[in-house]
Amino acid sequence: MNYQLLANRAEDFVRKYMYEHDNPALLYHNLPHAQNIVSVTSQIAKHYEVNDKDFFIVIAAGWFLNSGYYEDISEPEKEGIKIAEAFFKNAEIEEDAVQAVKKCILATRTPGAHQTILEQIVCDADSFYLGTEDFPKYNRLRRKELELLNNIYIDKDNWRKRTIKLFEGHEYYTDYCKEHLNKNKVKNLQQLKKKDLLQTLSVNPITKLVNAPADTIEKSEPNKKSKVESPERTIETMLRTTSANSQRLSNQADSKAHILISVNAIIISLLLSVVVRKMDGYSWLTIPVLLLLFVNLTTIIFSILATKPNIPKGVFSQDDLKQHKVNLLFFGNFFKMNFDEYARSMLQVMGDRQFLYLSMLRNLHEQGIVLAKKYRMLKTAYSVFMYGLVGSVIAFLIASGYF
């Protein structure tokens, strides 16, 4: 049995599966993480000098371990086993090896459930990150992934407490991981506890209660479950990302317009300085030259219109402010106002969460309108330049052939 070839086939199978079932929300349990687990699994297995068959078992388990998250995040181990079974249907391999792969995957679900060294290797590879210097990065990815998958906001302090609890209930099972990871694992735990202690000492309970979102404040009644926290952070991230994307598209449009203006300005300069001066001897080129000049000039005009700024009047009324019709996030609506009026109005916006979000949405909407205008003008400029240039060349050819 060529176990190395079979391991390569398992890798190709998982890579293809994850590519076809891609989920952008899986920031942690994805292909790079699967590759990392397999690398760590190989590292531990080589230390124990396992035979080829056992080496294949732990490597295959490492590949299929994370694939289940692409189907069901609540029971990824069971789904991972199903995906592994689909692979093994077309693979000629002993049944005991298949069962061993399944047991290795299931062993990661329940700490302490492992019975063999192979299961211990896979379990330690799965939690290898707890004892590495990259733990903070992986921990952030796990929290963000959980927020995206469940559409919730997870408070950093609560997540830190959960992570501390995870550390305190965790242990490495192989001597290799105990020797190489326990020291750094203790260091990571101490850092978490230090942050948790500083946070606890720095927060005034009254201030925390006052600043808490209305929908998260609950009476401390026994047997009453706390509500899921408001996903404000996710909303703000979405608004910030959308605004940044619009700005990037606007910059791209300006760059494209600048290119068109430069190219057509050069063509016009050449035509005026070289061709037009010699038109007396080449009168038959008059129509093609005028056509090309018209095309260049029209392209420049539309390119300038695409980048031409549109500044509003710079003032707003109190009625606009009361009716939430003004966007104070754009300078064009307040640059003629004095600072005291602007400050009072801005404080009113910041004090009203609904008004603040409405202003952000209005700002995004206005960015979209401006962006659409830019790209319409830019599309027209490119069309005029492309078709006009072709028409001008054809006119030059006809004039040259006729005269």
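Hi everyone. Let's begin with two tyrosines: Tyr28 and Tyr138 are both buried. Please keep in mind that we are looking at a predicted model.

How do the rings of Tyr28 and Tyr138 sit relative to each other? Their centres are 6.1 Å apart and the planes meet at 70°, so this pair is edge-to-face. Tyr28 belongs to the loop between H1 and H2, while Tyr138 is in helix H7, so the pair ties together parts that are 110 residues apart in sequence.

In total, the structure holds 13 aromatic pairs. Another one joins Phe13 and Phe87, and this pair is tilted, with 5.4 Å from centre to centre and 55° between the planes. Phe13 sits in helix H1, residues 3-20, and Phe87 in helix H4, residues 76-88, so here parts 74 residues apart in sequence are tied together. Are these two buried or exposed? Phe87 counts as buried, at 5% relative accessibility, whereas Phe13 is partly exposed, with a relative accessible area of 28%. Both also belong to one aromatic cluster, together with Tyr3, Phe56, Phe64 and Phe88.

Some of those names come back in the core. The largest nonpolar core has 56 residues, and Phe56, Phe64 and Phe88 are the ones with the most contacts inside it. Helix H3 gives the most to this core, with 9 residues. If we leave aside neighbours within four places in sequence, Phe56 is in contact with Tyr3, Leu6, Ala7, Phe88 and Ile93. There is also a second, separate core of 9 residues, which includes Val326, Met337, Met346 and Val349.

Now over to helix H8. H8 covers residues 156-168, and its 13 residues reach 18 Å from the first C-alpha to the last, close to the 18 Å expected. Which residues of H8 are buried? They are Asp157, Trp159, Arg160, Thr163, Ile164 and Phe167. Looking down the axis of H8, we find these buried residues within an arc of 155°, so they line one face of the helix. Here is a handy idea to go with that: an α-helix has 3.6 residues a turn, so residues three or four places apart point the same way. At the N-terminal end, Asp155 caps H8, with a side-chain oxygen 3.0 Å from the backbone nitrogen of Asp157.

Asn151 has a positive phi of about 55° although it is not a glycine, and it is exposed, with a relative accessible area of 58%. Glu49 likewise has a positive phi of about 55° without being a glycine. You can find Glu49 in the loop between helices H2 and H3, exposed at 70% relative accessibility.

How values were computed:
Residues are numbered from 1 along each chain as its sequence is written. This is a predicted model: local features need pLDDT of at least 70, side-chain atom pairs count only at pLDDT 80 or more; totals for chains, interfaces and linings use all residues. Side-chain values use heavy atoms; hydrogens and water are left out. Helices (H or I, at least four residues) and strands (E, at least two) are DSSP runs, numbered from the N terminus. The expected span of a helix is 1.5 Å times one less than its number of residues. Buried means under 20% relative accessible area, exposed over 50%, partly exposed in between (1.4 Å probe, protein chains only). The arc is that of the directions from the helix axis to the C-beta atoms. A polar contact is a pair of N or O atoms within 3.5 Å; within protein, one must be able to donate a hydrogen and the other to accept it, and residues adjacent in sequence count only if both atoms are side-chain atoms. A nonpolar core is a set of buried Ala, Val, Leu, Ile, Met, Phe, Trp, Tyr and Cys residues joined through side-chain atoms within 4.5 Å. Contact means heavy atoms within 4.5 Å. Rings of Phe, Tyr and Trp (its six-membered ring) pair if their centres lie within 6.5 Å; planes under 30 degrees apart count as stacked, over 60 as edge-to-face and the rest as tilted.
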